[in-house]
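Open the model in your viewer and keep the selection panel handy.

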Amino acid sequence: MSEHKIAMVGTPCEIMAASKLQHYTDSPIEVKLGLFCMENFSYKYFINLLKEYDLKMEDIEKFQIEKGFVFLLLKNKDEVRIPLSVARRIIRKNCDICVELTSETSDISIGSIGSEDGWSTLIIRTEKGENIVEGAVKNGFIEVKDFSDAQFDLLERIASSKIERNLENIEEREFFARPVLYQRQKSDDSIMKEISESDFMDLKSNVIDIGACVLCGACEYACPENLIIIDDTKPRMKGKCVEDCHACFSVCPRTFIPENLRNDNSKAIGDYRKIFTAKSVRHTQGQDGSIVTTILDYLLSEGIATEALIVDKEDHLAWKPYAKITSDIDEVVKSGGTKYSVCPVFKPLKNIEEVD
Ligand SMILES: Cc1cc2nc3c(=O)[nH]c(=O)nc-3n(C[C@H](O)[C@H](O)[C@H](O)COP(=O)(O)OP(=O)(O)OC[C@H]3O[C@@H](n4cnc5c(N)ncnc54)[C@H](O)[C@@H]3O)c2cc1C
Ligand code: SF4
Ligand code: SF4
Ligand code: SF4
């Protein structure tokens with residue numbers, strides 16, 4: 001058993017990878033804070049798109065996506081809007097077949113849809129999540145208000161539209177290419193059989209080569225032989241797999257999903273216990289209600305988590321995301337705000353396990 005109790009933040013696909021790591025391995029992940037996510041972008045293509053608007057990443061103070069636009073709040077206080085219909089071409093291909101908006105396998109899901117400016121929508125999914133939110137409220141970290149029927153209807157409508165659109169994309173893609181494995185409804189026994197016959201080459205042909213890889217880095221983290229390396233575009237393998245190892249295939253969020261983690265596509269936001277609109281009482285630097293930052297602050301302050309696994313920006317490359325593990329609350333606060341491009345979130349986990 002690991003001595004680390006990690007609280008991680010991630011998009012729905014990354015939270016699914018974390019859930020599979022918990023299911024199939026002895027994972028140090030203790031708490032999963034899942035973000036809402038409609039889409040994500042390629043960092044490289046985002047730079048090219050900005051050039052069309054005579055902008056550089058360095059010019060941007062904050063990104064916000066809402067009401068059909070990517071809003072860029074510039075450091076000079078100007079605001080530029082890029083229609084999502086234009087930005088669509090830099091969305092990562094894997095996001096077109098993603099049928100989850102709200103991180104359904106998290107302990108607590110957080111997003112902006114449904115809440116007013118400066119507030120976050122907070123969905124409690126598990127008993128652990130409920131205890132955390134109750135503790136954070138009681139100890140004066142966050143405040144919560146009821147989520148109205150109108151707010152709920154909006155969230156449900158947007159979640160359904162993502163699911164329906166991407167189910168159609170899946171159908172279209174499967175007509176030309178391989179089946180999208182994570183949508184296959186198989187029993188746990190037959191999944192275990194598939195896993196026992198699969199290694200990196202199966203991951204490559206069924207996920208990576210068909211544009212389904214979300215670049216989460218779970219395969220790299222899980223490989224006991226350190227054979228997988230992830231660059232900005234995809235995981236690659238150096239060397240030869242050892243016999244009877246299937247770790248990368250089992251933890252990937254885009255291979256088969258065990259029965260207890262599987263989404264029911266007819267439930268737009270999945271199963272949950274409670275839903276609120278919420279705001280931090282302690283921090284203001286976050287994207288919306290600074291709820292993620294503040295819950296992490298609470299978890300670290302109370303010793304419920306030993307470290308937070310978060311996504312910060314590189315100092316030398318504006319808005320380039322990178323994942324890090326820290327127990328320093330100032331570092332958590334610094335990493336608040338949404339970076340609209342992808343990075344392998346599980347990469348730093350490997351280092352803590354190697355240090356131990
Ligand atoms: C790619 C992406 C798309 C999103 N799309 C939507 C959407 O369509 N609708 C919606 O309501 N909400 C969306 N969100 C969530 C929203 O932008 C806020 O992150 C969320 O409301 C939490 O706000 P906050 O103020 O509580 O978080 P903060 O206190 O600002 O904390 C944000 C946390 O997010 C983490 N983070 C930042 N960027 C990334 C990243 N690229 N990958 C993983 N973790 C990251 C950081 O570690 C930080 O701890 C998206 C988030 C991401 C990363
Ligand atoms: S696949 Fe894309 S849209 Fe889906 S959760 Fe991951 S980043 Fe978001
Ligand atoms: S050794 Fe195992 S985990 Fe590593 S690449 Fe091969 S099958 Fe995947
Ligand atoms: S192939 Fe690796 S990086 Fe890509 S989604 Fe699967 S586990 Fe994540």
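Predicted model: local features only at pLDDT ≥ 70, side-chain atom pairs only at ≥ 80, totals over all residues.

Residues are numbered from 1 along each chain as its sequence is written, with chains lettered from A and ligands numbered from 1 in the order in which they are written.

**Sheet**

Select β3, β4 and β5. They form an open sheet in the order β3-β4-β5, with antiparallel pairing. (Strands are DSSP runs of E, at least two residues, and helices are runs of H or I, at least four, numbered from the N terminus; two strands pair if DSSP finds at least two bridges between them.) β3 (60-66) and β5 (79-83) each have a single partner strand, so one side of each lacks a neighbour in the sheet. Now pick β4 (residues 69-74): β4 and β5 pair over five bridges. Show F71; R81 in β5 stands opposite.

**Helix pair**

Select α4 (residues 127-138) and α10 (residues 291-301). Their axes lie 10 Å apart, at an angle of about 90 degrees. (Axes are lines fitted to C-alpha atoms, for helices over the stretch in contact; angles run from 0 to 180 degrees between N-to-C directions.) α4 and α10 are therefore roughly perpendicular, a term for angles of 65 to 115 degrees. Show I132, G135 and A136 of α4, then T294, I295, Y298 and L299 of α10: these make the contact, meaning C-beta atoms, placed from the backbone, within 7 Å.

**Ligand 3**

Finally, select ligand 3. Of the 14 residues around ligand 3, F200, C223, C241, C245 and C248 come nearest. (Near means a C-beta atom, placed from the backbone, within 6 Å.)

How values were computed: Parallel < 35°, antiparallel > 145°, perpendicular 65-115°, else oblique. Contact = placed C-beta atoms within 7 Å.
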